[in-house]
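Subject: Structure handover

Hello,

Here is the structure we talked about. Please open it alongside this note, which goes through the side chains and the core.

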Amino acid sequence: MQFLSKIKHYLFNAFRELFVYNHSSLAFRAKLFALILSANENIKADDFSIIKKIGMNIYNDDERANLLLLNTKELVKKVRENNGLDIDTLVLNIQKELKLMPRYAKKIDIDSLRELLSLSHDRDIISYQENMIEFLQNIKDETLHERRSQIAKDEENIESKY
């Protein structure tokens, strides 16, 4: 049974953009969570269960919550292994995506991000994570304010497609 699960995971990773509805939105959320988690050097595998819980609250769908969890784990692993990704690059990617898709600013859920602070026990790490969350709040507010007409048009176009 575990073998089938590994195959399914591999196929989803290989073809997730084709198989997963609205993959870019899910990937954006994963970047937000990975940004906060990557600052904590002492995160354990069990600590990722909070991402699954948050994913269930967002999507109310076990498959999408698992995909959010897997994407987040993958990004954190890349940051940890210095595999072409670091915290600064994540920040730049988030900023770039918000410029391209300003409606994603609505996906920055500060309360969910704050839940991740409970995984840290070092005051310096918590302070660093709080600064990241404050930055995300500021960029969210700026984007929602400055690009509100574009966001409204984008959402209108999305609704008219479906």
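**A glutamine in H7**

Gln-129 touches Ile-36, Ala-39, Asn-40, Leu-117 and Ser-120, not counting residues up to four places away in sequence. Gln-129 itself lies in helix H7. Its relative accessible area is 1%, so Gln-129 is buried. Please bear in mind that this is a predicted model.

**Core**

The largest nonpolar core holds 40 residues. Within this core, Ile-51, Ile-108, Leu-113, Leu-116 and Leu-136 touch the most other members. Two or more residues come from each of H2, H3, helix H4 (62–80), H5, H6 and helix H7 (123–146). H2 gives the most, with nine residues. In soluble globular proteins, nonpolar side chains tend to be buried together.

What is Ile-108 in contact with, leaving aside its neighbours within four places in sequence? The list is Phe-28, Leu-32, Leu-98, Leu-113, Leu-136, Ile-139 and Lys-140.

**Aromatics**

Phe-28 sits in helix H2 (residues 23–38), and Tyr-104 in the loop between helix H5 (87–100) and helix H6 (110–115), so the pair ties together parts that are 76 residues apart in sequence. Both Phe-28 and Tyr-104 are buried.

Arg-64 lies over Tyr-59, at 4.7 Å from the ring centre.

**Salt bridges**

How many salt bridges are there? The count comes to four. Side chains of opposite charge can pair when their charged atoms come close.

- Glu-97 and Lys-31 meet through their side chains, at 2.2 Å from N to O. Glu-97 is in helix H5 and Lys-31 in helix H2, so this bridge ties together parts that are 66 residues apart in sequence. Both Glu-97 and Lys-31 are buried.
- Lys-53 pairs with Glu-115, the closest N and O atoms being 2.8 Å apart. Lys-53 belongs to helix H3 (residues 49–59) and Glu-115 to helix H6, so parts that are 62 residues apart in sequence are tied together. Lys-53 is partly exposed, with a relative accessible area of 43%. Glu-115 is partly exposed as well, at 26%.
- Asp-47 forms a salt bridge with Lys-44, with the closest N and O atoms 3.9 Å apart. The cut-off for a salt bridge is 4 Å, so this pair qualifies. Asp-47 has 13% relative accessibility, so Asp-47 counts as buried.

**Backbone**

Most residues other than glycine have a negative phi. Two asparagines in loops have positive values. Asn-60 has a phi near 55° and lies in the loop between H3 and H4. Asn-60 counts as exposed because its relative accessibility is 67%. Asn-82 also has a phi near 55°. Asn-82 is found in the loop between H4 and H5. At 60% relative accessibility, Asn-82 counts as exposed too.

**Where to look**

Start with H2. H2 gives nine residues to the core, holds Phe-28 of the aromatic pair and carries Lys-31 of the bridge to Glu-97. Finish with Gln-129 in helix H7, buried at 1%.

Best wishes

Methods:
Residues are numbered from 1 along each chain as its sequence is written. This is a predicted model: local features need pLDDT of at least 70, side-chain atom pairs count only at pLDDT 80 or more; totals for chains, interfaces and linings use all residues. Side-chain values use heavy atoms; hydrogens and water are left out. Helices (H or I, at least four residues) and strands (E, at least two) are DSSP runs, numbered from the N terminus. Buried means under 20% relative accessible area, exposed over 50%, partly exposed in between (1.4 Å probe, protein chains only). A charge sits over a ring if NZ of Lys or CZ of Arg is within 6 Å of the ring centre and within 35 degrees of the ring normal. A nonpolar core is a set of buried Ala, Val, Leu, Ile, Met, Phe, Trp, Tyr and Cys residues joined through side-chain atoms within 4.5 Å. Contact means heavy atoms within 4.5 Å.
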